[in-house]
Amino acid sequence: MLASALALGACDRRSAAQAAPADLPPLRTLAGFPVGTCVQAAQLDDPAFAALAAAQVSQLTPEWEMKMEYMVREDGSLRFDAPDRIAAFARTHGLRLFGHTLVWYAQSPPAFARLEAGPKFAAAYRDYIHAVVGRYRGQAAGWDVVNEAVAEDGDGWRECLWSQRLGRLEHMVLAFRHAREADPDAVLFLNDYNLENLPRKRATFLKLAEALLKAGAPLGGLGTQTHVAADLKAGELTATLKDLASLGLPVHLSEMDVSLSRAKGLVRDRRELESGQARVYAEAAEAFSGLPPQQRFAFTFWGLRDGDSWLKRENTRDTPLPFDDAGRAKAAAGAWAGALR
């Protein structure tokens with residue numbers, strides 16, 4: 001019941017019951033900011049998923065079908081069928097669209113890799129960003145322009161095809177400038193992960209954001225993916241969001257899930273892990289809602305139902321999301337909601 005959720009939102013969230021709330025209103029109706037989820041085009045063929053997404057959220061992020069791995073064919077031509085379907089669903093249901101992602105160190109399509117550094121590579125880079133961002137101009141509220149640029153341990157920035165051909169900082173500055181040319185109104189984000197549990201990486205991320213701003217990049221916001229585990233230390237999420245907000249830019253909590261199977265602490269009892277999961281979701285909601293209104297860009301869950309999660313595919317026993325396989329709200333959803341009340 002909602003009383004459980006409210007208890008989870010209080011000081012001693014660990015003691016809350018694990019029963020799922022029976023009468024929880026749609027999440028998007030409870031928040032003073034956009035609430036999102038990721039989606040794959042094939043999920044839209046599932047009436048149960050489509051109904052759940054339309055009811056619960058106000059923003060959609062393509063999970064992978066706006067990434068280069070999907071969009072760039074072998075010959076360099078682009079395909080838009082899947083992202084167009086997601087964009088159409090968003091329009092039909094009055095939802096915001098969020099673009100993910102333009103430049104990612106992990107993807108270097110053969111069509112780009114074949115090009116040497118120089119004017120042709122720079123032109124192809126510009127044309128790609130113009131084509132993708134321009135196609136959704138006026139609908140996409142924002143974009144992850146540069147994704148996961150900071151090294152795993154926080155020691156500097158990643159090397160990749162883009163940095164090798166265009167320069168370590170320059171390729172990022174260019175990406176932001178080209179995205180701004182293609183859509184003057186979209187909010188342009190730098191996005192990364194493990195900022196919650198690696199303070200060194202968070203510090204490097206913030207220094208990169210400052211370097212981009214100093215170089216004149218139209219950086220408009222900071223995204224923290226928030227793929228975390230149920231044993232995340234209390235206060236880490238709050239500290240992360242406070243640090244990110246210190247630059248005065250909008251913040252996107254962009255890909256949240258809370259894994260049970262990735263917990264590394266001594267706690268192994270499933271009920272305790274589920275209680276920890278609820279506590280983490282509650283802290284995230286409370287900390288995000290505590291940001292200044294103009295800095296609360298959106299709060300995005302990386303999926304709604306457990307069965308759709310990438311973490312479930314990694315470990316079938318994991319249940320990282322606010323709703324179970326059947327789309328029923330879990331204690332985690334109640335805890336998130338209770339922290340907003």
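Modeller: Gln107 lies in the loop between strand S3 (96-104) and helix H6 (110-113), where helices (H or I, at least four residues) and strands (E, at least two) are DSSP runs numbered from the N terminus. This is a predicted model, in which local features need pLDDT of at least 70 and side-chain atom pairs count only at pLDDT 80 or more, while totals for chains, interfaces and linings use all residues. Residues are numbered from 1 along each chain as its sequence is written, and side-chain values use heavy atoms, with hydrogens and water left out.

Gln107 counts as buried because its relative accessibility is 10%; buried means under 20% relative accessible area, exposed over 50%, and partly exposed in between, with a 1.4 Å probe and protein chains only. Leaving aside residues up to four places away in sequence, Gln107 touches Lys67, Met68, Glu69 and Trp162, a contact being heavy atoms within 4.5 Å.

Two other loops hold residues with a backbone angle worth a look. Glu148, in the loop between strand S4 (140-147) and helix H8 (161-166), has phi near 60°, a positive value in a residue other than glycine, and at 9% relative accessibility Glu148 is buried. Thr226, in the loop between strand S6 (221-224) and strand S7 (227-229), is not a glycine either, yet has a positive phi of about 65°, and with 0% relative accessibility Thr226 is also counted as buried.

A disulfide is a covalent bond between the sulfur atoms of two cysteines, and the search looks for a pair of cysteine sulfur atoms within 2.5 Å. Across the whole structure it finds 0 disulfides. Cys38 is buried, with a relative accessible area of 3%, and Cys160 is buried at 8%.

Finally, consider a pair of helices. The axes of helix H12 (residues 270-289) and helix H14 (residues 331-339) come within 7 Å and cross at roughly 30°, the axes being lines fitted to C-alpha atoms over the stretch in contact, with angles from 0 to 180 degrees between N-to-C directions. That makes H12 roughly parallel to H14, since angles under 35 degrees count as roughly parallel, over 145 as roughly antiparallel, 65 to 115 as roughly perpendicular and the rest as oblique.
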